[in-house]
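Student: Please take a close look at the salt bridges here and walk me through them as one connected picture.

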Amino acid sequence: MEITEKQIQEWKQKYGEVYAVTVEDKIGYLRKPDRKILSAANVYANDSIKYNEFILKNCWLGGDTSLMDEDACFFALCKKLGELIEVKEAELKKI
């Protein structure tokens, strides 16, 4: 399925930020995982492959599904997952 600019804009309205990930000539689109997805993924905390697979499946918006089916592509995606999770800096002061 060809992903159009209109589709990307619809995803942005629904999910906020949208990310394109490419491996060679293949492209896929992901959204950021939210707390619910990360919490549910923790069931697989002792199995990093299943953990990453769960996050990818739940953040996948569209694109070339062979990215998740082919092992080499899947592992390339897994290396980028950490970049999807934004953590802001907090400051703690004793008052």
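Tutor: A salt bridge is a side-chain nitrogen of Lys or Arg within 4 Å of a carboxyl oxygen of Asp or Glu. The model is predicted, so local features need pLDDT of at least 70 and side-chain atom pairs 80 or more, while totals for chains, interfaces and linings use all residues. Numbering starts from 1 along each chain as its sequence is written, and side-chain values use heavy atoms, without hydrogens or water.

Searching the whole structure turns up 5 salt bridges. Let's begin with the network, in which salt bridges link E17, K32 and E86. Within it, E17 and K32 bring their side chains together at 3.0 Å, N to O. E17 sits in the loop between helix 1 (5-15) and strand 1 (18-23), and K32 in the loop between strand 2 (26-31) and helix 2 (35-41), so this pair ties together parts that are 15 residues apart in sequence; helices (H or I, at least four residues) and strands (E, at least two) are DSSP runs, numbered from the N terminus. E17 is partly exposed, at 43% relative accessibility (buried is under 20% relative accessible area, exposed over 50%, partly exposed in between; 1.4 Å probe, protein chains only).

Finally, E91 pairs with K93, with their closest N and O atoms 3.9 Å apart. Here E91 is exposed, its relative accessible area being 66%, and K93 is exposed too, at 61%.
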